[in-house]
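Hello,

Here is the structure I promised to pass on to you. Please open it first, and then read my notes below alongside it.

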Amino acid sequence: MILVNTEYIAGKELKMLGMVTGSTIQSRNLGRDITQGLKTLVGGELKAYTEMMSMARQLATKRMVEQAEALGADAVVAVRYTSSSVMQGAAEVTAYGTAVQFVNG
């Protein structure tokens, strides 16, 4: 499966199949909150949260790809990501794009 953030793939004619999405909601861990809260006192990257969000993006992407494959897609174009807080201590990450098939190979 090819994933691109552009609306085209060089050298390919595309047939649009429709929008596909994948999302996940991740919550923070109390232990992480305490250690990461202490980190905010001295500054720097909050690595535990960076890792959590990276894993959330990977899972959302996987779910989007599964939806595209179910449509018979060869690729997903115009891939985008969003994140939002859904409640205190939990964030949703969504991946979305347009599933396409290649016309004439």
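**The nonpolar cores**

The largest nonpolar core holds 14 residues, and Val20, Met64, Ala68, Val76, Val93 and Ala99 have the most contacts inside it. A nonpolar core here is a set of buried Ala, Val, Leu, Ile, Met, Phe, Trp, Tyr and Cys residues joined through side-chain atoms within 4.5 Å. Buried means under 20% relative accessible area, exposed means over 50%, and partly exposed is in between (1.4 Å probe, protein chains only). At least two residues of this core come from each of helix 2 (47-70), strand 3 (75-87) and strand 4 (90-103), and helix 2 gives the most, with seven residues. Helices (H or I, at least four residues) and strands (E, at least two) are DSSP runs, numbered from the N terminus. There is also a second, separate core of five residues, with Ile9, Leu14, Val77 and Val100 among them.

Please keep in mind that this is a predicted model: local features need pLDDT of at least 70, side-chain atom pairs count only at pLDDT 80 or more, and totals for chains, interfaces and linings use all residues. Residues are numbered from 1 along each chain as its sequence is written, and side-chain values use heavy atoms, with hydrogens and water left out.

**Val93 and Thr24**

Val93 from the largest core touches Gly22, Ser23, Thr24, Met53, Ala56, Arg57, Ala60, Thr82 and Ser83, not counting residues up to four places away in sequence (contact means heavy atoms within 4.5 Å). Thr24 is found in strand 2 (residues 13-27) and is buried, with a relative accessible area of 6%. Leaving aside neighbours within four places in sequence, the contacts of Thr24 include Leu59, Arg63, Ala91 and Glu92.

**Charged side chains**

How many salt bridges are there? The count comes to one salt bridge, taking a side-chain nitrogen of Lys or Arg within 4 Å of a carboxyl oxygen of Asp or Glu. Glu66 forms a salt bridge with Lys62, their closest N and O atoms being 2.8 Å apart. Because they are four residues apart in helix 2, Glu66 and Lys62 are separated by about one helical turn. Glu66 is partly exposed at 41% relative accessibility, and Lys62 is partly exposed at 48%.

Lastly, Lys12 lies over the face of Phe102, 4.7 Å from the ring centre. The rule there is NZ of Lys or CZ of Arg within 6 Å of the ring centre and within 35 degrees of the ring normal.

Best wishes
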